[in-house]
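Dear colleague,

Please read them with the model open.

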Amino acid sequence: MSERSNALDLEESVFKRTPKQIALSLKRSAERSGRRKSAPFRSAMSMLSFYENRAGRNLPASRRRAIARAKDELRKLYAR
């Protein structure tokens, strides 16, 4: 199943890093991926939102804040 997934290939433990490192890593992954179906910004933001929605319930407040800041960093990287 995962062999045909259209998800991005993410670096290991990407969501445990600082917000800036998370954003840079997602940007790199989105731009390198040959399987994404939308623009790199949308793909990267989608992965961040997906993680937030799936793990968010079990994340401590500090990690939730880091994910929110990573979204802001991603917007800065793409000038949005």
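H1 and H3 pack with their axes 7 Å apart, at an angle of about 55°, where axes are lines fitted to C-alpha atoms, for helices over the stretch in contact, and angles run from 0 to 180 degrees between N-to-C directions. The two helices, H1 and H3, are therefore oblique to each other (angles under 35 degrees count as roughly parallel, over 145 as roughly antiparallel, 65 to 115 as roughly perpendicular and the rest as oblique). Helices here are DSSP runs of H or I with at least four residues, numbered from the N terminus.

This is a predicted model, in which local features need pLDDT of at least 70 and side-chain atom pairs count only at pLDDT 80 or more, while totals for chains, interfaces and linings use all residues. Residues are numbered from 1 along each chain as its sequence is written, and side-chain values use heavy atoms, with hydrogens and water left out.

H1 and H2 pack at an angle of about 125°, with their axes 8 Å apart, and that makes H1 oblique to H2. On the H1 side the contact (heavy atoms within 4.5 Å) is made by Ile 22, Leu 26, Lys 27, Ala 30 and Glu 31, and on the H2 side by Pro 40, Ser 43, Ala 44, Met 47 and Leu 48.

Phe 15, leaving aside its neighbours within four places in sequence, is in contact with residues including Ile 22, Leu 26, Met 47, Leu 48 and Ile 67.
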